[in-house]
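Please consult the sequence and the structure below while reading.

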Amino acid sequence: MLFLDVSDWTLQNILIRLLAAMVLGGVIGIDRGAKRRGGGARTDASVCMGAAIVMMTGQYIEIRYPGAADMTRMASQVVSGVGFLGAGSIMVSGHQIKGLTSAAGIWICACIGLAVGIGFLDGAILTTGILLTGLHIMPMVEERLYQYSGYVSLYVEADEGGASAEFLHRLKMDGCKVDRFDVDKSGAGIQSFTILATIRLPGDLKRDEYIEELYRLPGIRSIDIM
């Protein structure tokens, strides 16, 4: 053990596990809440403590009634069941999907709670620290990498169907590789269309300047980068 051994079944260790689950889950939730994202301290702390008490209950049953229950089965039910809670934080808004990271955060809070509940405090603390560090570093790494990536996803609103054909023709004429091009008649107008496109720009094209050129095409209302 790197830190405190709380695997023995004592009142002190039970209290330490519950407090550790609340603190670790709360820290993850505070980090999400500070960014105004789903999850939050109360949700993540509750999930973490709930998973911990499930694991502790399994250990208690094993101590009190040996062989009467499978601790791993109880843990697996938590891991799969918490997915329903995480799904509630996922929202589809127009052409964007939000809440996936929050849902993953709720799920990992449950996993951390299971580790705390069985007394694996080392793994729970290290996981929490690595998770929080990764959540802050990864966006910066992604932003840097995406700057050198020629791929871009676009959400386009067009006035009519002919504009979408002209838009696709322009992309191919400029040497863009089209990985995805979906046209949907979902606009408010009778002849309004939306286009979801994922393209790879040639190396000689600058993204922002090229999107401005595409915006000037006839029939194009707006272009957003997803």
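## Basis of the report

The structure is a predicted model, in which local features need pLDDT of at least 70 and side-chain atom pairs count only at pLDDT 80 or more, while totals for chains, interfaces and linings use all residues. Residues are numbered from 1 along each chain as its sequence is written, and side-chain values use heavy atoms, with hydrogens and water left out.

## Overall make-up

The protein contains seven helices and six strands. Helices (H or I, at least four residues) and strands (E, at least two) are DSSP runs, numbered from the N terminus. Along the sequence, these elements follow the pattern α-α-α-β-β-α-α-β-α-β-β-α-β.

Of the 226 residues in the protein, 34% are buried. Buried means under 20% relative accessible area, exposed means over 50%, and partly exposed lies in between (1.4 Å probe, protein chains only).

## Helix 1 and the segment before it

Helix 1 covers residues 11–34. The expected span of a helix is 1.5 Å times one less than its number of residues. The buried residues of helix 1 include Asn 13, Ile 14, Arg 17, Leu 24, Ile 28, Asp 31 and Arg 32. Ala 20, Ala 21, Gly 25, Gly 26 and Gly 29 are also among the buried residues of this helix.

Leu 4 is located in the segment before helix 1. Leu 4 counts as partly exposed because its relative accessibility is 42%. Twelve residues separate Leu 4 from Ile 16 in sequence, and their C-alpha atoms are 9.7 Å apart in space.

Four strands make up an open sheet in the order 4-5-3-6, and their pairing is antiparallel. Two strands pair if DSSP finds at least two bridges between them. The edge strands are strand 4 (177–184) and strand 6 (220–225), each of which pairs on one side only. From one strand to the next, the twist averages 20°.

Strand 4 is joined to strand 5 by seven antiparallel bridges, and here Val 178 stands opposite Ile 199 of strand 5. Strand 5 pairs with strand 3 over eight bridges, again in the antiparallel sense, with Val 156 opposite Ile 195 of strand 5. Strand 3 (residues 151–158) is in turn joined to strand 6 by five antiparallel bridges. Ala 158 has Ile 220 as its bridge partner in strand 6. Strand 5 (residues 193–200) is largely enclosed by the rest of the structure, because six of its eight residues are buried.

## Salt bridges

Side chains of opposite charge can pair when their charged atoms come close. A salt bridge is defined as a side-chain nitrogen of Lys or Arg within 4 Å of a carboxyl oxygen of Asp or Glu. The whole structure holds four salt bridges. One of them joins Asp 182 and Arg 180, whose closest N and O atoms are 2.9 Å apart. Asp 182 is partly exposed, at 38% relative accessible area, and Arg 180 is also partly exposed, at 34%. Elsewhere, salt bridges with shared partners join Arg 170, Asp 174 and Glu 213 into one network.

Arg 170 lies in helix 6 (residues 161–173) and Glu 213 in helix 7 (residues 207–215), so the pair ties together parts that are 43 residues apart in sequence. The relative accessible area is 23% for Arg 170, which is therefore partly exposed. Asp 174 is partly exposed at 25%, and Glu 213 is partly exposed at 35%.

## A nonpolar surface patch

Ile 137, Met 138, Met 140, Val 141, Leu 145 and Tyr 146 form a nonpolar patch on the surface, with about 630 Å² of accessible area together. Patches are made of residues with over 30% relative accessible area and no salt bridge; like charges are joined within 9 Å, and nonpolar side chains (Val, Leu, Ile, Met, Phe, Trp, Tyr) within 5 Å. Accessible areas come from the Shrake-Rupley method with a 1.4 Å probe, and for residues only the protein chains shown count as cover.

Leu 145, one of the patch residues, belongs to helix 5 (residues 121–147). Its relative accessibility is 56%, so Leu 145 counts as exposed.

How values were computed
Axes are lines fitted to C-alpha atoms, for helices over the stretch in contact, and angles run from 0 to 180 degrees between N-to-C directions.
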